[in-house]
Amino acid sequence: MAAPRSFNVDHRDSPAERDGSLASEANNAAAGSGAARPAASSRAGAAARRLEPIQFFTLAEVAKRLSVSGRTVRRWIERGELTAHRFGGVLRIAEGDLRVFLALSRDR
């Protein structure tokens, strides 16, 4: 079985957030004003956190993991039960979407 593919996805909004300069600017502004105020936690906190890369699987990998046919996986996608992402001309299933699908399918 081929190793699952993973892609690094950067979820931060701007290049300033990616290199951390937004957090340092906020801290410098607070220090220069003489007032002790916290940095903007939502944006600066997002810049400080590192996100795990999202792992994507091919339809064949999902079918093999679940011991079903590729056609069954395609039917789940067509019915909207399993979320797929299109990159160019290929479909991929995110690991998180597969986990959600399995959790919802557990009660059936």
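**Entry 1: the core**

I began with the largest nonpolar core, and found 12 residues in it: Phe57, Leu59, Val62, Ala63, Val73, Trp76, Ile77, Leu82, Leu91, Ile93, Leu98 and Phe101. At least two residues of this core come from each of α4, α5, β4 and α6. For my own reference, a nonpolar core is a set of buried Ala, Val, Leu, Ile, Met, Phe, Trp, Tyr and Cys residues joined through side-chain atoms within 4.5 Å. Buried means under 20% relative accessible area, exposed over 50%, and partly exposed in between, with a 1.4 Å probe and protein chains only. In soluble globular proteins, nonpolar side chains tend to be buried together.

A reminder before I go on: this is a predicted model, where local features need pLDDT of at least 70 and side-chain atom pairs count only at pLDDT 80 or more, while totals for chains, interfaces and linings use all residues. Residues are numbered from 1 along each chain as its sequence is written, and side-chain values use heavy atoms, with hydrogens and water left out.

**Entry 2: the overall layout**

I listed the elements next and got 6 helices and 4 strands. Their order from the N terminus is β-α-α-α-β-α-α-β-β-α. Helices (H or I, at least four residues) and strands (E, at least two) are DSSP runs, numbered from the N terminus.

Of the 108 residues, 21% count as buried. I also looked at contacts (heavy atoms within 4.5 Å). Among those between residues at least 6 apart in sequence, 59% join residues at least 24 apart. The protein exposes about 7500 Å², with 52% of that supplied by carbon and sulfur atoms; the areas come from the Shrake-Rupley method with a 1.4 Å probe, and for residues only the protein chains shown count as cover.

**Entry 3: the strands**

Which strand is largely enclosed by the rest of the structure? I found that β4 (residues 90–94) is, because 4 of its 5 residues are buried.

I then checked its partners, where two strands pair if DSSP finds at least two bridges between them. β2 (residues 54–57) pairs with β4 in the antiparallel sense over 2 bridges, and Phe57 has Ile93 of β4 as its bridge partner. β3 (residues 85–87) also runs antiparallel to β4, joined by 3 bridges; here His85 stands opposite Arg92. The β3–β4 hairpin has 2 residues between the strands, and Gly88 takes a positive phi near 65° there.

In α4 (residues 59–66) I noted Leu59, Glu61, Val62 and Ala63 as buried. Ala60 sits in that helix too, but counts as exposed because its relative accessibility is 56%. The C-alpha atoms of Ala60 and Gly70 are 5.8 Å apart, with the two residues 10 apart along the chain.

Most residues other than glycine have a negative phi. Ser67 counts as exposed, at 67% relative accessibility.

In α5, Val73, Trp76 and Ile77 are buried. They lie on the same side of α5, because they cover an arc of only 100° around the axis, taken from the directions from the helix axis to the C-beta atoms. Their cover includes α4, β4 and α6 (95–105). Beyond its neighbours within four places in sequence, Val73 is in contact with Leu59, Val62, Ala63, Val68 and Leu82. Gly80 follows α5 and has a positive phi near 80°.

**Entry 4: aromatic pairs**

How many aromatic pairs are there? I counted 2. The rule is that rings of Phe, Tyr and Trp (its six-membered ring) pair if their centres lie within 6.5 Å; planes under 30 degrees apart count as stacked, over 60 as edge-to-face and the rest as tilted.

Phe56 and Phe87 are edge-to-face, 5.1 Å centre to centre with 85° between the planes. They link β2 and β3, 31 residues apart. Phe56 is buried at 6% relative accessibility, whereas Phe87 is partly exposed at 40%.

Trp76 and Phe101 form a tilted pair, 4.7 Å centre to centre with 45° between the planes. Trp76 lies in α5 and Phe101 in α6, so this pair ties together parts 25 residues apart in sequence. Trp76 is buried, with a relative accessible area of 14%, and Phe101 is buried with 4%.
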